[in-house]
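Student: I have not seen this structure before. Please go through it with me, one term at a time.

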Amino acid sequence: MTDRPTVVLLLCVLVVLLLAPPRSAAQAPAPAAVPATPVLRYEIWVDLDDAAKMLRGTEEIVWTNRTREAVPDMFFHLYWNAFKNSASTFFRETAVESVFARGEEPKDGDWGWVDVTDIRLADGRDLGPTREYVRRDTPVREGDQTVLRVRFPEPVKPGDNVRLRLEFRSKIPRTVARSGYYKNSYFIGQWFPKPGVYEEGKGWNCHEYHANSEFFADFADFTVHITVPQGFEVGSSGKELTRTTDAARGTVTRIFSQAMVHDFAWMADPRYLRVERTFAGAREVSPREYRETAALLGLPVEAVRLPDVKMILLIAPEHRGQADRHFKALAAAIKYYGLWYGPYPYETVTMVDPPFRTESGGMEYPTLFTAGTGILPSADVLSPEGVIVHEFGHGYWYGLVANNEFEEAWLDEGINTYSTGRVLARAYGPGAFSLDLAGIPLASLFRMPRVLDHVIDRAAAINTVAYDPVLTASWRFYNSGSYGANVYMRASTCLNTIERLLGEPVMARIMRTFHTRYRFGHPATGDFVRVVNEVSGQDLTWFFDELMGNTLNFDYGIGSLVSEEKPRHSRGIFDADGRKEEMTGARIRELEAEDKAKPAGAGTPSGTLYVTTVTLRRFGEARVRGGVGVKLVVGFEDGTRETRLWDGQDRWARLEFTKPARASWAMVDPDGVWLVDSNFANNSYLVRPVRRGLLKLLARLVFAVQNILQLAASFS
Amino acid sequence: MSVFSSIGRGMATACRKPRVLLILYLVNLAVALLAAGPFYALAKADLGHSLLGRNLQALDFVWLGELVYRYQNAAPAVSAWLLGSVLLYAVFSVFLSGGTIGRLLDTEGRTTARSFFSDCGRYFGRFLRLFLLALPCYVLALGAVPAALSALLGPMVENARTAWTPFGVTLGGTALTLLALSLVHMVFDYARLRTVTEDDPSSLRALRAALLFLRRRFFRGWGLYLFIALGFLAGTGVAAALAGLLPGESLFFVAVAVGGMQLFILFRLWTRMVFFAAQADYYLSGHP
């Protein structure tokens, strides 16, 4: 139980903390320019053999040792070997998957693989004999060949660089995990031998290709020469520099280049349409929006001004009518991500409507993303808009702030899900739920309910808490459902909770600061927590420990609410003038009758008083900490309200209010801060029972059942 | 005999039998209330004193998410309860069909609860046998048509160049399955009608007679059936559109919405009566 002075003190502390300007980040910094020298440089030449479904490539790599350690070896990701056979880590994990894609393996002839046929230093020394496949993730899958290690003749000294030349050939899989072909449509991702990330003191960070995981790589400058049969449209990461036709071979070679990205993907399809438009910051963002954003972030207007970006859309002919929807969504994403987190630093962004059956419905790569759509999209459902905003957003969270997706996927998926929800809410408002029959959209006809993303995210978040902490390595989640619900939705729900706890302006500065500080870097969860604490001026480490590092359910609620008339006289034995005097029931009735008989103002009590007792309960295991507390508001019949703050540490607390009116309701978390709370129903207690809402529910429920029954009756 | 005049007379007959409609409606409502009861009790316990209950939306994902979280282990019990209710009602509908057809075909007598349930009891055994005969036919229609289409068009879908091909096949397959179901439905409707008109206890004879009747008038008979089905679909579309036009959540509009829902159920039940009455008219015109 908390006494009133303590509550007042806690309230004061809370108010001071919330209103105080952040100590060290009153002004969010402007984003850094693109660094001049990344750790890696690639030049790749690749030929697409359409008939054999093969890639043949040559790759030159320059890797600079930026650590203080001599590095004796190099680890490479050979991701396509995940699709080589059923002994790979990828398919071993898929085989025991319990939610999505359980046991799905390619059909005979559809497997894919990559072979490094030659690897040597620039001076010609052959590293081939040192090649070995390594498996360091647990449990160890002996058959996996997705990580290759080579040893250098002598270690690479700090500050030195190493130049390698690789020859590789790859069998393109019939699409698995968003890479591969269908007929002569290709989506080519994770295709070239790619070094891991060398971490000082830890060595190479180079995980196997896991079923529930995405990727991690160092920033690099890429130049890629892609040769495809004549007539193929090509979309790629980066900017196209030149195009050369070889009439004799019937091929076209396109050269794409991009600085400071950590991956490179491309697609090729002879049927595809290419549409280009320009995002013009001066046109898309009003002066007022610039001023408001600058004021929100505490920056000069010039620091939030957005540059022009060339938007490229590669779209299937059957979807050409949707081009405007695609560009509108992409422009909204460029605008809001740019305003909130920093201008998009690259010249181009390529949006790919993934070729039919290449199953790359939504996937991010630097400066390129895929966003799947249907042939009859509903006007009311935010699809493909949602996936376009989300995948472009990964250009910021994964692309620019390049966390390790193997180990801490929430840092991009969770932050980006949170960001996607904000952009969609701002640009479109709530989207309708999808409903279709045999592919015909019915959402508009049946006026499906519209909801904001955070509502859906929360529904998943509260249902996944028992399985895994958000802070779990991607391949260690219970299943793909837990992985998805945790790293996307529970993480997003936690971020929305922090936003509500600290307020939108503070959260905006947190996100801007985090993005700016780690743009072109590899931050970890600790870095994010430090930024939150620094910008907010509060220590919220407990929040991440309790709600993201644990599997604790968060649920505060009202246990009971009772209002009773305060008796003016108490029964029993009382000491009076040195005697024991019993106040009997009969005597109390006499005194009450006398009180009533006296004229008003003749020494009678001013009015009836009521004692209201509210029992607060902590139903869940998770606790608020850091002096944050749980707010309680009690409303009384005379229209007055009382607010208290409970520290929320014990399992319950009982608070009393003596007022001249009965309580009519009580509510914890009246401001809706704790979005992560698993039970909103018990957050409030109304003395008068709810009727209309429940009758409406009953009417709808009965109507639904009546229709189901009648459907059954039609067969009898 | 025109199909449309049979539909017109069927609608008129259904309109002249409001008591049949009332009985069907009350039974439907009672079973629905029984089936929905536990869920309502659960909602009341959860939301009866909560602000969330006061502000509940039509499809409230805030509450639904919580409901799933708290009662995820109850899913088998919930499914069993709903499935049990549906099966019970399906059998009960067999029973009610006797009263419905009996009263619709009795153009002279008044419809009373006694006469209605007397017909229900009289034809229940025969209709139950027809229902049991119909079940494998429905399973065949639901299983065989998609399977045949898959075997026939599977390679085309497998080699599709664009999403239009699987879309077209799915749409066509759905339409064909529905048409197959409508055929089974229609044949057994005529078998039931024949059972009542001829007062013949043999279900097989009734089914044979229905098939013979339809063999001579297949397209007209099917056309009649499909016109009524299309009318029902159009009515459903109109009802959905009208429901969306309701502007507010005030008590008045809530009452209008609830009334609208029940009117739709009445419309559904009335359509079922029109099916029987129009097909009966058409059948009797072929068997004067």
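Tutor: Of the 716 residues of chain A, 46% count as buried. This is a predicted model, in which local features need pLDDT of at least 70 and side-chain atom pairs count only at pLDDT 80 or more, while totals for chains, interfaces and linings use all residues. Residues are numbered from 1 along each chain as its sequence is written, and chains are lettered from A and ligands numbered from 1 in the order in which they are written.

Student: What makes a residue buried?

Tutor: A residue is buried if 20 or more other C-beta atoms, placed from the backbone, lie within 10 Å of its own; with 12 or fewer it is exposed, and in between partly exposed.

Student: Why is α11(A) called mostly covered?

Tutor: In α11(A), 12 of the 15 residues are buried. Among them are Val506(A), Ile510(A) and Phe514(A). The cover includes α4, α6, α10 and α12 of chain A.

Student: What is the expected span of α11(A), and how far does the helix reach?

Tutor: The expected span is 1.5 Å times one less than the number of residues. Helix α11 of chain A has 15 residues and reaches 21 Å from its first C-alpha to its last, close to the 21 Å expected.

Student: How many residues of chain B are in contact with chain A?

Tutor: Contact requires C-beta atoms, placed from the backbone, within 7 Å. On that basis 58 residues of chain B are in contact with 50 residues of chain A. α2(B) gives the most to this side of chain B, with 13 residues.

Definitions and conventions: Contact = placed C-beta atoms within 7 Å. Helix = DSSP H or I, 4+ residues; strand = E, 2+ residues; numbered from the N terminus.
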